[in-house]
Amino acid sequence: MSRTPAAPAAPVKKKSPKKAMSPGTAQLIAVGVVLAFIAAIVAVLVTTLNTPAADDALPEPDPSASAEVLRADSHALTSPADPEVTVVEFLDFQCPACAVAASAVAELKAEYGDRVAIVVRNFPLTSIHPHAVDAALAFEAAAAQGATVEMYEALFATQQQWSPATGSQAATFRQLADDLGLDLAEYDRVVADPATLERIARDRDDAVGLGLQGTPSFFVDGEPAAIASFDELRALVEAGLDQ
């Protein structure tokens, strides 16, 4: 059997040695990386500085306005025909202590709801709670459709889910409104209405004017409740009922 002659081997090319990077080139690359890193940081800072803080959404306080504990259109969790005691709470829906207070308020509501008026007002602590204003807007929009109690309970029941989240939680609150069966077109209208922010700002201004510095803060029959526990709040309510 004949064989095809093998082709001659191709000559092996010698690889030219890699040129070492000059110190000047390496230095230029390092400087470029540093400049790119600095540019990225600057871009983030510019974006952050140009993003309005949550409290910027609220109108400026009106120093000439008189502070009131209770207003005629404040939102009530209970509506007895002839209340013997009125409890007013200034709250922040992103405040963990307010979520705890909601359980105590629920107990008062269950026991004395036919005798005690329980009113809640907004005091968003925007410097530490970035979602507080949007939560207050959701509460106001729901209250406008008669779902005051339902949205109050829903916001606190889900607080641990949306409170640590980053970015706007407006869509989350809108979903709560949908879950409650609210008219979303009307909900959106009230949320977007500047008068709603003004209403929240009025509550805040009253809280500040009354000397409040945190939430939850309670008043019983117009007097500040200096309490260290919710048992003391109950005792104040019971004392008012006994009079």
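1. Strands here are DSSP runs of E, at least two residues long, numbered from the N terminus. On that basis E89 belongs to strand β2. The model is predicted, so the points below begin with residues worth a look and then turn to confidence.

2. E89 deserves a check. This residue is buried but forms no salt bridge. R121 carries the nearest side chain of opposite charge, and that is 11 Å away. Leaving aside neighbours within four places in sequence, E89 has contacts that include C98, A101, V105, R121 and Y152. P216, S217 and F218 are also among the contacts of E89.

3. P216 has a feature of its own. The peptide bond from T215 to P216 is cis, with omega near -5°. P216 sits in the loop between α8 (194-209) and β4 (217-220).

4. D221 is another backbone point. Its phi is positive, about 50°, although D221 is not a glycine. The residue lies in the loop that links β4 to β5 (223-224). D221 is partly exposed, at 42% relative accessibility. As background to both backbone points, most residues other than glycine have a negative phi, and most peptide bonds are trans.

5. L77 is a loop residue, placed between β1 (75-76) and β2 (85-91). Is L77 buried or exposed? Its relative accessible area is 8%, under the 20% cut-off, so L77 counts as buried. Beyond four places in sequence, L77 is in contact with V105, K109, I118, V120, T148, V149 and Y152. L77 and A117 are 40 residues apart in sequence, yet their C-alpha atoms are 7.4 Å apart.

6. The largest nonpolar core has 41 residues. Which members touch the most others? They are F93, V116, M151, Y152, L155 and F173. Another core lies apart from the largest one; its nine residues include V88, F123, A207 and F219. In soluble globular proteins, nonpolar side chains tend to be buried together.

7. Mean pLDDT is 83, and 77% of residues reach 70 or more. Residues 1-19 stay under 50, and the model has zero contacts beyond four places in sequence for them. Residues 28-55 also stay under 50, with five such contacts. Where pLDDT is low, the predicted coordinates should not be read in detail.

Conventions
Residues are numbered from 1 along each chain as its sequence is written. This is a predicted model: local features need pLDDT of at least 70, side-chain atom pairs count only at pLDDT 80 or more; totals for chains, interfaces and linings use all residues. Side-chain values use heavy atoms; hydrogens and water are left out. A nonpolar core is a set of buried Ala, Val, Leu, Ile, Met, Phe, Trp, Tyr and Cys residues joined through side-chain atoms within 4.5 Å. Buried means under 20% relative accessible area, exposed over 50%, partly exposed in between (1.4 Å probe, protein chains only). Helices (H or I, at least four residues) and strands (E, at least two) are DSSP runs, numbered from the N terminus. Contact means heavy atoms within 4.5 Å. Lys and Arg count as positive and Asp and Glu as negative; His and the chain ends are not counted. A salt bridge is a side-chain nitrogen of Lys or Arg within 4 Å of a carboxyl oxygen of Asp or Glu. pLDDT is the predictor's confidence in each residue, from 0 to 100.
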